[in-house]
Amino acid sequence: MKALLQRVAGLFEAMGTLGGLGRGQRPIATRRYQCACGQPIFFGNSRCLACGRDLGFEPGALTMLALEPGSSRWQRCANAARCGCNWLLAPAEAPRHEGLCRACRLNRTIPDLDERDNARLWGRIEVAKRRLVSQLLALGLPVQSRVTEDAERGVMFDFLRGAPGGPPVTTGHAAGLITLDIDEADDATRERLRDALAEPYRTLLGHLRHEIGHYYWLRLVAADGGADAGGEGQARRGGWLQPFRVRFGDERTDYAAALARHYREGPASDWAGRCVSAYASSHPWEDWAETFAHYLHMLDTLDTALSFGLEADEVDTGFTPYGPEALDAPGDPGAERFLGFVNAWLQISALMNELARSMGQPDFYPFVLSAPAVAKLHLVHRIVATEAAARATP
């Protein structure tokens, strides 16, 4: 417990210094690692190509470890051979979770790996999910399996594939269960859907970040983390339900009717001036989930830039930075630092887009953040930070 509290304290020291990509800034989730032999290694590696050591990601310390031959301190996830999972767990916790790591034990259902190309597609999904889970752990958010750890408030995943000629699988979230159609892991299928829905961006990681956003709305904003979204009562941790409604709108608006209208008539004409995406304008729940996903996109990308030494004072795109008036709570103690974070994102995303264009590729971040969208991002940040701080209190 002491080590956990120290790690979360370090997290908030890092969060407290969110001021862009200046000198001395530190990432929340480090994305640069080093083998015991001194060679650089990466988040998805299972073996060092320089020295041959076995490698694994240890989610407690949020780092990559080089495993010494004969050591019994760690064991590989039971899914190592099935989907290439490189995460580690202590042998003592393995029996309770059938040998599955912190990420893989979140699965309730996986596809039949003997059918078609299910194994390949599922493996791609797990790569994205490990990235997601590592970031959630670094942020200090609750990540318990609804299958083996917290049957009331945990989260779990069903990765499904529709039968040929049968009804399609609906990707979505319901009461802690995230369902994903594994056909989304097929690049051609996903691109076809992206084009049909006129979306500028559609990725596996984006899907997972969006759906986990719905789950955290239940945990962090709704009246009861175990109740259906839209339940009444006082919000947890600091009364976030009313601030949510001020920024995002009243979630009690008929959800099914709102989505039907969105797909029938298209997004609201003014969506670009108040939301992070067109789909976000369909309903307050979708606005939250889209904003939450973008928050995770921004944090992880800037963390990666910081991990590799990129500094904002070396990037000049000539943009006009946002001021305090764009924030949800300009008087909040961390407002100035969050503003620095947003403005750093504007710099780095503009640079990323220009780099993509240099290669003849679509923009990495094909979105423009309006001032109301920045205010929503600030509210998401405040809620996440408050939850993590509360969890770190003994």
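Predicted model: local features only at pLDDT ≥ 70, side-chain atom pairs only at ≥ 80, totals over all residues.

1. Helix 3, covering residues 118-138, packs against helix 9, covering residues 284-307, at an angle of about 85 degrees and with the two axes 11 Å apart. Because angles of 65 to 115 degrees count as roughly perpendicular, helix 3 is described as roughly perpendicular to helix 9.

2. On the helix 3 side this contact is made by R131, L132, Q135 and L136, while helix 9 contributes L296, L299, D300 and T304. By class, the residues of the contact of helix 3 with helix 9 are four nonpolar, two polar and two charged.

3. Helix 9 also packs with helix 11 (residues 371-392), here at an angle of about 75 degrees with axes 9 Å apart, and these two helices are therefore roughly perpendicular to each other as well. In helix 9, D287, W288, T291, F292, H294, Y295 and M298 meet K376, L377, V380, H381, I383 and V384 of helix 11. The contact of helix 9 with helix 11 comprises eight nonpolar, three polar and two charged residues.

4. Helix 5 (residues 204-221) has 18 residues, which at 1.5 Å a residue should span 26 Å, and the 25 Å between its end C-alpha atoms agrees with that expectation.

5. How many of the 18 residues of helix 5 are buried? The count is 17, with buried meaning under 20% relative accessible area, so helix 5 is largely enclosed by the rest of the structure.

Terms used
Residues numbered from 1 in each chain as written. Heavy atoms only, no water. Axes fitted to C-alpha atoms, helices over the stretch in contact; angles between N-to-C directions. Helix = DSSP H or I, 4+ residues; strand = E, 2+ residues; numbered from the N terminus. Parallel < 35°, antiparallel > 145°, perpendicular 65-115°, else oblique. Contact = heavy atoms within 4.5 Å. Nonpolar A, V, L, I, M, F, W, Y, C, P; charged D, E, K, R; others polar. Expected span 1.5 Å × (residues − 1). Buried < 20%, exposed > 50% of the residue type's maximum accessible area, 1.4 Å probe, protein only.
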